[in-house]
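I opened this entry to record what I looked up in the model, going from the whole chain down to single residues. The sequence and structure come first.

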Amino acid sequence: MLAAPTITPSQANHLYGILRTFFKWAQQQEMLSRNPLTFPKPHKEKSRSRVLSNEELAAVYRAALEIGYPFGHIILLCIHCGFRK
């Protein structure tokens, strides 16, 4: 017998966002008369308090330099601009 899949609160919120975007697009294309997602986000987002230490950030920076174009450069841009996500 197959076990029921488990889904984390974060995964549920991501799925909700994807479905909301899809249904909004379908409504704009007049494929739907109304959006079927009438309920709010399943879980409240928790803010994170942990940040990378200087040593961890330096390790990520070195790895991004090693990886190079294009993904390494994207990571370097995120570090230099202070992006979190």
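**Ground rules.** I am working with a predicted model, in which local features need pLDDT of at least 70 and side-chain atom pairs count only at pLDDT 80 or more, while totals for chains, interfaces and linings use all residues. I number residues from 1 along each chain as its sequence is written, and side-chain values use heavy atoms, with hydrogens and water left out.

**Whole chain.** I looked up the secondary structure and found three helices and zero strands, running α-α-α from the N terminus on; helices (H or I, at least four residues) and strands (E, at least two) are DSSP runs, numbered from the N terminus.

I then asked what radius of gyration the protein has. The value is 19 Å, whereas a compact globule of 85 residues would be near 12 Å; the radius is taken over C-alpha atoms, and the globule rule is 2.2 Å times the number of residues to the power 0.38. Along the principal axes, the C-alpha atoms fill a box of roughly 50 × 35 × 30 Å.

I noted that 14% of the 85 residues count as buried, where buried means under 20% relative accessible area, exposed over 50% and partly exposed in between (1.4 Å probe, protein chains only). The accessible surface comes to about 8,000 Å², and 61% of it belongs to carbon and sulfur atoms; these areas come from the Shrake-Rupley method with a 1.4 Å probe, and for residues only the protein chains shown count as cover.

For contacts (heavy atoms within 4.5 Å), I recorded that 29% of those between residues at least 6 apart in sequence join residues at least 24 apart.

I counted charges with Lys and Arg as positive and Asp and Glu as negative, leaving out His and the chain ends, and with each charge placed at NZ of Lys, CZ of Arg, CG of Asp or CD of Glu. There are 11 positive and 5 negative side chains, and the centres of the two sets lie 10 Å apart.

**Helix 1 and what follows.** Helix 1 has 20 residues and reaches 29 Å from its first C-alpha to its last, close to the 28 Å expected, the expected span being 1.5 Å times one less than the number of residues. Its buried residues include Ala-12, Asn-13, Tyr-16 and Phe-23.

Is Asn-13 buried or exposed? Asn-13 counts as buried because its relative accessibility is 8%, and, not counting residues up to four places away in sequence, Asn-13 touches Lys-41, Pro-42, His-43 and Glu-45.

Gln-28 lies in helix 1 (residues 9-28) and is exposed, with a relative accessible area of 55%. I also checked the C-alpha atoms of Gln-28 and Thr-38, which are separated by 16 Å and stand 10 residues apart along the chain.

Helix 1 is followed by Glu-30, whose phi is near 60°, a positive value in a residue other than glycine. Glu-30 sits in the loop between helix 1 and helix 2 and counts as exposed at 72% relative accessibility.

The 14 residues of helix 2 (residues 54-67) should span 20 Å, and the end C-alpha atoms are 20 Å apart, which agrees. Just after helix 2, Gly-68 takes a positive phi of about 75°. A cis peptide bond, with omega about -5°, joins Tyr-69 and Pro-70, and Pro-70 is placed in the loop between helix 2 and helix 3 (71-81).
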